[in-house]
Amino acid sequence: MAKTFKEVMADAGISMDFQACGTAPTEIVDREIVLEPHDRVKKLKNIFMKTLSSANNEFPYWYTREYMKLDSEIPVVRRAKALKRAFSNLTPVIYPGEKLVMHKAPFFRGSFPMPWLSEGFYVAKEDELYQDAMKRGSASADEHSKFGQGGGNVVASFGKVISIAGKFGMRQEEVPALIELSKMWVGKSVDDLGHKYEQMVPNYETKEKIMRNIVCMFDSGYTLPQGREVINYYYPLEYGFDGIIKIAREMKDKVAGRADGDGMVGMNRLYNYEAVIHVVEGVQKWILNYAEEARRLEAAEKDGTQRKEYAEIAECLEWIAHNPPRTFREAFQMIETIHLAVLNEDAISGMSPGRIGQVLYPYFEQDIEAGRLTEDEALELLELDRLVKTSIDCFASMGVVGGVLSGNTFNTVSVGGLDKDGKSAVNRLEYLVLKAAASNAMPQSTIALLYDEKLPEDFLVLAAEVIKTGAGYPAFMNNQIAQDFLLSHYGPEGMHIEEARAWAIGGCLETSAGCWKPLHLNGKEYWIPGGCGQPTSVGVHFVSMPKILELTLYNGIDQRSGEQVFQPHGKRLDTYEELWEQFKLYWQEAVDVLALTNNIQHDVWRKNNMAVFNSMLKPDCLENGHLINELGYRYNATYNVESTGTVTCVNSLAAIRKLVFDDKKVDLETFKKALKENFGFRTAHEVNSFSIADQQKRDDDDGKWDELHFQCLQAPKYGNDEAYADQILLEWENFFCPDCYNYESLYGHPMYPCQISVSTHGAMGSATIASPDGRLAGTTFADASLSAYPGTDRNGPFALMNSASIWDHSMSQNSQLNIKIHPSAIKGVEGSRKLVDLTKAYMRKGGFHVQYNVVDSKMLRKAQDNPDEYRDLMVRVAGFTQYWVEIGKAVQDELIARTEYEGV
Amino acid sequence: MKLEYRDTREFIPVDVDKGIDRLTGEFVQADAEAPKGYTQLPKCKFCANYVEEASFKGICGASTQEPKFMAYGDMTAITCEMFEAK
């Protein structure tokens with residue numbers, strides 16, 4: 001067999017063990033802390049572990065049936081009535097042992113397609129899906145064993161189950177109906193209408209080329225039009241659903257027929273309030289259907305304990321369907337229900353619950369004081385909540401689910417931060433939130449710790465111990481940096497410091513605007529935080545910086561496809577400055593056309609697919625009568641530009657600058673030839689590994705690029721606290737962050753920078769040739785925005801943090817730094833404190849975000865070879881935690897290759 | 001009448017392939033035959049208003065729009081106020 005990259009490097013005397021600050025023990029080291037959940041949770045978790053991601057047509061069927069009937073209705077009311085019908089007709093299913101009930105769809109891990117957003121996939125796949133459905137006979141043992149590789153993913157059809165997008169299973173009996181429902185939306189969906197109108201953008205053809213060549217990852221207007229934001233549970237908690245309907249009815253009387261000085265959308269308030277009433281009534285019916293099911297089960301149940309529990313479930317649901325909750329359990333069930341209702345209203349990932357430990361604290365405090373609740377009972381409910389959240393799937397196309405989300409839906413819970421008055425907001429319930437995250441370690445909710453110097457030390461140490469379970473959470477986010485960003489960005493919309501303190505993480509890592517609302521419980525007032533802004537990660541999504549560099553080097557031509565993506569710049573690129581200037585021009589051209597086309601997609605979405613329920617929850621829609629589509633939220637400057645491959649691009653620019661222009665070791669044309677020939681290696685696709693370490697030389701390679709390749713690899717690299725590469729990062733950030741403000745969203749506000757890669761560093765790397773930093777064709781980019789490229793950070797975590805904090809992080813919505821640490825490096829209490837100290841050091845330097853993957857790389861390799869033995873192994877990917885067996889191979893390879901710190 | 005588990009009210013659907021028998025607590029295949037005496041689950045295919053026209057789909061005779069709206073036999077109808085057992 002041809003030599004691997006690692007062997008080639010070893011021959012050259014370069015160690016590629018991907019370890020730093022020490023040497024890992026020979027034997028695999030497991031995580032230090034392993035905790036167990038309550039028995040009830042364990043049993044339900046056992047069901048989850050055997051559960052396949054499943055979809056059916058109930059919701060889309062009833063939605064479509066009602067929507068098509070109402071073609072003469074005002075659009076927002078038409079949509080609201082369709083939603084009401086769909087919620088009302090969902091089948092309730094309650095699993096034995098559940099306390100927090102209700103699911104998105106009638107499966108443990110259920111979801112459904114929304115063809116009104118995008119139907120093209122099902123119509124295009126009609127024949128394939130239909131034939132597959134028709135030929136399905138009885139299931140064989142062989143077929144049942146096929147899906148093991150994917151954990152809960154239905155990676156292939158089997159028995160009477162059809163695999164959709166390699167992820168969701170659907171019964172064969174449902175497929176013909178899905179296809180027929182989808183056909184009803186042809187020409188009407190956001191995808192179709194958006195596509196029709198975005199073609200009217202003058203340089204639309206460039207956009208098509210950008211998408212075709214994976215310079216940009218996906219269109220957010222019809223894939224995931226909402227999300228990456230913080231929900232707000234306040235209004236139902238304070239007023240109850242009947243109270244909200246009462247408010248809406250009163251407001252209808254006030255606004256009917258009145259424009260109130262707003263000649264454009266003032267009249268719409270009447271229809272919006274009408275829509276709110278319809279949707280809330282639908283959600284009430286949905287809850288009451290579950291209550292009815294609980295009563296049915298109560299009547300049939302022979303076991304006394306279980307019968308009592310069904311009765312408690314019914315009582316809880318019957319109450320919260322109409323009234324504000326009175327207890328911790330009722331409040332928890334209510335926010336759980338609201339959360340699922342929002343996720344059923346639209347295709348959403350990253351609908352974050354926010355600071356639920358603070359939102360639920362009033363009920364917790366009063367129940368504990370009254371003796372109605374013990375901390376252990378609260379802990380059990382928090383553990384159960386993790387099961388509900390991990391069971392949430394988002395039905396979207398393969399490209400989105402696999403390439404971007406890695407199957408996660410980012411329901412992030414935030415803890416810590418400051419209260420309204422600027423004091424630490426940590427409370428006793430938040431300690432339990434952390435404990436539940438350790439005792440029921442599941443991918444969701446992932447935890448964001450809003451770090452501030454004022455937070456209690458024992459809370460931080462507990463957080464470090466949770467990280468050591470291997471769950472990867474909590475991640476640490478810098479409260480001060482977030483506040484600075486928010487005040488800078490939302491100041492023009494009226495944000496002040498008190499309100500900035502109400503922020504939380506939306507999605508996996510998006511700083512999201514919040515506000516305080518006064519919750520009243522038994523005569524006491526509590527100020528609780530909640531989201532009050534638009535989706536915070538919608539807009540120009542995932543532009544590949546290394547691909548823009550490739551296009552710059554090759555005169556606008558994609559070297560994988562041969563297509564002329566941008567007009568040729570025709571420049572000789574004789575100086576680094578000329579190359580850098582052209583890079584920026586291509587970047588701006590891409591962002592500009594993507595912003596325009598994206599705005600059209602989202603405009604179509606807001607005209608036909610209004611978020612009625614989610615809007616109603618957020619301040620200040622109920623007060624002003626406008627939904628999200630009419631700037632009803634308090635903060636609306638929330639569209640962004642997202643980058644991918646930052647460090648791969650920075651390292652590449654550093655290598656070019658050093659080798660071509662400073663040291664003149666090679667001319668640019670020769671360099672480009674070497675890149676195109678992949679330095680004599682096979683491609684990652686040929687090797688079927690996307691890790692740099694596993695790449696193999698071509699059999700016919702004569703070694704002519706070896707010297708240059710070594711020089712590329714040894715060129716200055718970001719992450720070592722050395723100015724050469726780090727200065728390029730600084731130049732990039734000082735260009736990129738303010739440049740985002742040059743693009744206007746459909747809401748008439750400037751966009752802002754967002755620097756997370758989610759899983760796109762795998763998919764986008766797969767479509768990009770070798771890069772000047774020595775990375776080989778098809779392999780992943782460095783993950784996140786500030787993680788070092790695997791194996792290139794050799795000076796320890798503090799040096800990496802110095803490099804990462806060279807720029808002002810408050811210019812951006814976020815930045816992202818992932819660090820992999822061997823479990824033995826942070827062993828014991830002393831190790832936990834080391835982790836806290838390391839984190840504090842980064843935060844004090846001005847870093848926004850850091851998260852840790854505490855895992856032995858050898859275990860990951862073993863798990864890749866034996867996935868069935870590691871069904872419950874979790875890893876931190878890029879802002880989220882996921883089961884190892886449910887992430888794609890490219891990202892698995894990249895995770896294995898990340899530098900592993902053996903000491904801190 | 002023989003029923004598959006997935007057509008009974010005693011079946012708790014976990015996913016598209018399997019579920020739990022509420023009476024025994026055991027995991028069962030959705031397509032397996034349910035024990036005698038299990039209760040039929042309301043589904044369109046058991047509804048007097050449903051007319052099957054092609055494989056796995058037909059129309060709902062209770063729909064108020066014209067032409068009558070599509071339906072599919074396998075849809076659970078316990079929340080459908082128009083369900084009428086055949």
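Two residues are in contact here when heavy atoms lie within 4.5 Å of each other. Keep in mind that this is a predicted model.

**Exercise 1. Work out how chain B and chain A meet, going from residue counts to buried area.**

Solution. Start with the contact cut-off: 36 residues of chain B touch 50 residues of chain A. Next, take the area. Together the two chains bury about 3,600 Å², and carbon and sulfur atoms account for 60% of that.

**Exercise 2. Find the charged and polar links across the interface, then say which parts of chain B face chain A.**

Solution. Begin with salt bridges: the rule picks out five between chain B and chain A. One pairs the side chains of B:Lys57 and A:Glu180, at 2.4 Å from N to O. Now look at chain B's side: β1 (11-13), β2 (18-21), β3 (27-29), β5 (57-60) and β6 (70-71) each supply at least two residues to it. Sort the residues on that side and you get 18 nonpolar, seven polar and eleven charged.

**Exercise 3. Which residues of helix α9 in chain A are buried, and what do they pack against?**

Solution. Helix α9 of chain A covers residues 190-198. Its buried residues are A:Val190, A:Asp191, A:Leu193, A:Gly194 and A:Glu198. These pack against α10 (204-212) and α24 (576-608) of chain A.

**Exercise 4. What confidence does the predictor give chain B and the complex?**

Solution. Chain B first: its average pLDDT is 96, with 100% of the residues scoring at least 70. For the complex, the ipTM is 0.99 and the pTM is 0.95.

Key
Residues numbered from 1 in each chain as written. Chains lettered and ligands numbered in written order. Predicted model: local features only at pLDDT ≥ 70, side-chain atom pairs only at ≥ 80, totals over all residues. Heavy atoms only, no water. Buried area = accessible area lost by both parts, 1.4 Å probe. Salt bridge = Lys/Arg side-chain N within 4 Å of Asp/Glu carboxyl O. Polar contact = N/O pair within 3.5 Å; in protein donor to acceptor, adjacent residues only side chain to side chain. Helix = DSSP H or I, 4+ residues; strand = E, 2+ residues; numbered from the N terminus. Nonpolar A, V, L, I, M, F, W, Y, C, P; charged D, E, K, R; others polar. Buried < 20%, exposed > 50% of the residue type's maximum accessible area, 1.4 Å probe, protein only. pLDDT = per-residue confidence, 0-100.
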